[in-house]
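Open your viewer and get ready to select residues as you read.

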Amino acid sequence: DSSCSNSFSGAITVTVTEVLSNGNLRVAGEKQVAIKHAEEYVRFSGVVNPATISGTNTVQSTQVADVHVEYKGAQSIDGAAVTTMFNRFFFSILPF
C-alpha cells in the first residue's frame with residue numbers, strides 16, 4: 001500500500017503550435033529549473049479557445065482543453081558517491 005501527493009502552482013509561457021480548423025489554438029511550453037545537481041521541469045500542452053485569452057494575454061488552466069502536464073525531477077549522483085556504493089557492495093561480498 002502506497003500513496004503519493006504532489007502540488008505545484010505557477011505560470012508557464014506557451015507557444016501556439018497549431019491553429020485548428022475551428023479556430024482553437026494548440027499550445028505547448030516547458031519550464032526548467034536547475035538547483036545544484038538537481039534539474040526539474042514542467043511540460044504543458046493543451047487546446048485554448050482564443051475567446052478565453054484575457055487582456056493580459058493569459059489563460060487560466062481550467063480554460064484549457066485536452067491538457068497534458070508532465071512534471072519530472074532528475075537528480076544526478078556524484079561519481080564518487082557511486083564508487084563508494086559499489087565499494088560497499090563488493091566489500092560486503094568479498095572482504096579483504
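Start by selecting Val 27. Leaving aside its neighbours within four places in sequence, Val 27 is in contact with Val 14, Thr 15, Val 16, Thr 17, Phe 44, Ser 45, Gly 46 and Val 48. Contact here means heavy atoms within 4.5 Å.

A word on the model. It is predicted: local features need pLDDT of at least 70, side-chain atom pairs count only at pLDDT 80 or more, and totals for chains, interfaces and linings use all residues. Residues are numbered from 1 along each chain as its sequence is written, and side-chain values use heavy atoms, with hydrogens and water left out.

Buried means under 20% relative accessible area, exposed over 50%, and partly exposed in between (1.4 Å probe, protein chains only). In soluble globular proteins, nonpolar side chains tend to be buried together.

Those labels come from DSSP runs, numbered from the N terminus: helices (H or I) have at least four residues, strands (E) at least two.

Next, select residues 15-19, strand E1. Among its five residues, the count of buried ones is zero. E1 pairs with strand E2 (residues 25-35) in the antiparallel sense, over four bridges. Two strands pair if DSSP finds at least two bridges between them. Find Glu 18: opposite it stands Arg 26 in E2. Five residues lie between the strands of this hairpin, and there Gly 23 has a positive phi near 95°.

Asn 57 counts as exposed because its relative accessibility is 65%.

Move to Asp 66, in strand E4. Asp 66 also has a positive phi, about 50°, and is not a glycine. With a relative accessible area of 64%, Asp 66 is exposed.

Finish by colouring by pLDDT, the predictor's confidence in each residue, from 0 to 100. The protein's mean is 78, and 72% of its residues reach 70 or more. Confidence is highest in E1, at 96, and lowest in helix H1 (residues 79-93), at a mean of 49. Over residues 92-96, pLDDT stays under 50, and the model has one contact beyond four places in sequence for them.
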